[in-house]
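Have the sequence and the 3D view open as you read.

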Amino acid sequence: MIATETDAYQDAYQRLNDARGDTFPVWLRELSERALNQFTTLGIPTTRDEDWRFTNIAPFAARTYKIAESAEIPASRIESLVNDAILDEQFHRLVFINGRYAAQWSYLHELPNGVIAESVAQSILTHPQSIESRVGQHFDCENSAFIALNTAFVEDGANIVVPDDMIVDRPFHLIFLSVTDEPAVSHPRNLISIGKNSRATLIESFRGLEGASYFTNAVTEVELHESAHFDHHKLQHEQLNALHLATTQVDQQAGSHFSSHYFSFGGDLSRNELNCMLNGERAQCTLNGLYMPVGDQHMDCRTRIDHARAHCKSFEIYKGILDGRSKGVFNGKIYVHQDAQKTDAKQSNQALLLSDDAIVDTKPQLEIYADDVRCTHGATVGELDEQAIYYLRSRGIPADQARTMLIFAFANDVVRGVEVLAVRQHLETILLAEHGLDNV
Amino acid sequence: MLEIKNLHAKSEDKDILRGINLQVNVGEVHAIMGPNGSGKSTLAHVLAGREDYEVTQGEILYNGQNLLEMNIEQRAAAGLFLAYQYPIEIPGVSNKYFLKAAMNAVRKQHGQPLIDTTSFLKLLKENMQLLGMDKSMMERSVNEGFSGGEKKRNEILQMAMLQPKLAVLDETDSGLDIDALRIVADGVNTLRGPDRAIIVVTHYQRLLDYIVPDQVHVLAEGRIVRSGDRTLALELEDKGYGFLETHSAAASAAAV
Ligand SMILES: Nc1ncnc2c1ncn2[C@@H]1O[C@H](COP(=O)(O)OP(=O)(O)O)[C@@H](O)[C@H]1O
Ligand SMILES: [Mg+2]
């Protein structure tokens, strides 16, 4: 690694640390200090790193991004960004601008007793012990420079806690807006805990001010206690000049169900890492993803599922639709630990290339150390079916709409898995209505 | 309604249609018969506008318009409909969505208002009942996993919904049992009328017992070698295509 690349972050860290008041908890200051050192040691990864072989992050991460100050952007522009992001007024809404909670744009409906939905900054200020055991608990910063970086700069994000035996019907919608006029970075850190037998739904949306250049480095930590059910959605709509890196880390106790629906549309370079630790028997996860790069966009999707206990199930479908000179990377690892007998794991990843210049690198990886397991995986890369286009056209559907319909058909395996109506409609609108076809 | 003059078409390097002449007037039903590989489906697809075929000579007039200058969807919007011999499967698009999109696409091209969901569903239900189709087929992906017979009925359903002016049915009868054949024939006969025309491509005279044609043409090696009334179909059934092969061999020998 090249020392100078991380120097800018050192300076920024000093400024941030000086600004942290006396009330800033000691344990968090220490954690953040350790993380900064780890980041410095690891450095910014290069393509010589096996995990970064297909994604060259160095030119982006070496750019100088300032820690975003509070924006001096007219409220009306922020309002229209918020309105664009809102999916349903019925959702609990937590808006973050440049990584910081923005109370005036947020709206929480009445919450069931005991449920916490607040900003991490608030938690740090008023009851830091509630998050003490939850920051960086389920993974170390040892191996990921960007998780380390996020941890060093930990400041704000969403803290959501659902106690045992509780169903929260309204989804929580976290809206992250980057609103800057100079290159800026934010490090949102979200902490989610769903109690025993409880259920909740969350949506993360990432957006930015048109034309803005910025770096989002987000980390979401999820713990699911016994038999908890949690549906997670992520709508990545960053601006075309943005660098978007994110890790979602899920720790699942026995009998818990996790489903993830990842949709990637924006960003110049984006990389989403999703790690699921099936840490109790009969835990189950479903990971669905759709990435649609166009132009020169680069989208990297990584998933890792650890089958650490027996009788767990995982289902995974990732689909890519690539146009222009875009590039997609899919890396899906399934790691079956020695004790994880009766594992049932299915993984499929498919890519549709709409142009001759688009490229996709896919790498499914199965590592199996138990003997009584069922693991399947398959990968395909293809193009639109010309016969089907002809068939649709011969029924009067114009060629471009016929293509849209087939693209939607390809994506629909992933889209129809979304149970939250407003999210599904949002996706159908992007995939269909914006191209002149009715939503389903 | 349709006038085909000296039509030649090829795919890659293979000449398939070699001088077709055919006139179909409005209100008429024509049958095209002929051995396998004689070019029946190619003719149907050239009418629909499939881009795999290149028309090298001749012209096609459709209601006075130059059909060959229209693209595939314009032809469909102008009322041309091809019931495929081998309908295409489209995983991920429901039959219902597809049908509504097709109807609205045609309406849009004519600047007509779009059909509302209620009227669409009502029409769909009626037509499916007439064709003896199960409701569940609407939610299923277009033709995916349909049996041969279900696919053929689905083609006729599309025809019934789109109400074309000129319908070309390419071996819609093959693979149908007698009951299904009757239902499909009823569907076609319902469409029959003074302002429409129908071309029935078939291998067997059987279908023509139900859809009685005004004229029968025999296609062999890319040319129409015989035309006549419905008794020609019976004659063919009697004598088989054997007598045609000698006939057409003689015809092509004569043409050299
Ligand atoms: N797309 C194509 N490419 C190459 N050959 C074709 C193509 N379509 C048809 N043919 C050939 O043209 C001839 C006529 O085919 P077709 O029109 O399907 O006949 P029919 O429908 O009368 O059985 C056959 O020899 C067939 O193999
Ligand atoms: Mg044929």
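## A partly exposed loop residue

Let's start with B:Asn63, which counts as partly exposed because its relative accessibility is 42%; on this scale buried means under 20% relative accessible area, exposed over 50%, and partly exposed in between, with a 1.4 Å probe and protein chains only. B:Asn63 sits in the loop between β4 and β5 (65–66) of chain B. Helices (H or I, at least four residues) and strands (E, at least two) are DSSP runs, numbered from the N terminus. The phi angle of B:Asn63 is near 50 degrees, a positive value in a residue other than glycine.

This is a predicted model, where local features need pLDDT of at least 70 and side-chain atom pairs count only at pLDDT 80 or more, while totals for chains, interfaces and linings use all residues. As for bookkeeping, residues are numbered from 1 along each chain as its sequence is written, chains are lettered from A and ligands numbered from 1 in the order in which they are written, and side-chain values use heavy atoms, with hydrogens and water left out.

## Another positive phi

B:Glu171 also has a phi near 50 degrees, again positive in a residue other than glycine. Its loop runs between β9 (166–170) and α6 (178–191) of chain B. Buried or exposed, at 6% relative accessibility? B:Glu171 counts as buried.

## Around ligand 1

The shell around ligand 1 includes B:Ser11, B:Lys14, B:Ser38, B:Lys40 and B:Tyr53; a residue is near a molecule if one of its heavy atoms lies within 4 Å of it. By class, the shell has three nonpolar, seven polar and two charged residues. Here Ala, Val, Leu, Ile, Met, Phe, Trp, Tyr, Cys and Pro count as nonpolar, Asp, Glu, Lys and Arg as charged, and the others, Gly among them, as polar.

Now for the atom pairs. B:Ser11 places a polar side-chain atom 3.0 Å from a nitrogen atom of ligand 1. Taken alone, ligand 1 exposes 560 Å², and the protein buries 68% of that. β2 (14–24) and α1 (40–48) of chain B are the elements that give two or more residues to the shell, and α1(B) gives the most, with three.

B:Ser38 is in the loop between β3 (29–33) and α1 of chain B, and it counts as buried at 3% relative accessibility. Its side chain reaches the backbone oxygen of B:Leu219 at 3.4 Å. Leaving out residues up to four places away in sequence, B:Ser38 touches B:Leu219, B:Ala220, B:Glu221 and B:Gly222, where contact means heavy atoms within 4.5 Å.

B:Glu51, in the loop between α1 and β4 (53–62) of chain B, is exposed, with a relative accessible area of 60%. Setting aside neighbours within four places in sequence, B:Glu51 is in contact with A:Arg393 and B:Ile72.

## Chain B as a whole

Chain B comes to eight helices and 12 strands. Its C-alpha atoms fill a box of roughly 60 × 40 × 35 Å along the principal axes. Of its 256 residues, 54% count as buried.

Notes. A polar contact is a pair of N or O atoms within 3.5 Å; within protein, one must be able to donate a hydrogen and the other to accept it, and residues adjacent in sequence count only if both atoms are side-chain atoms. Accessible areas come from the Shrake-Rupley method with a 1.4 Å probe; for residues, only the protein chains shown count as cover.
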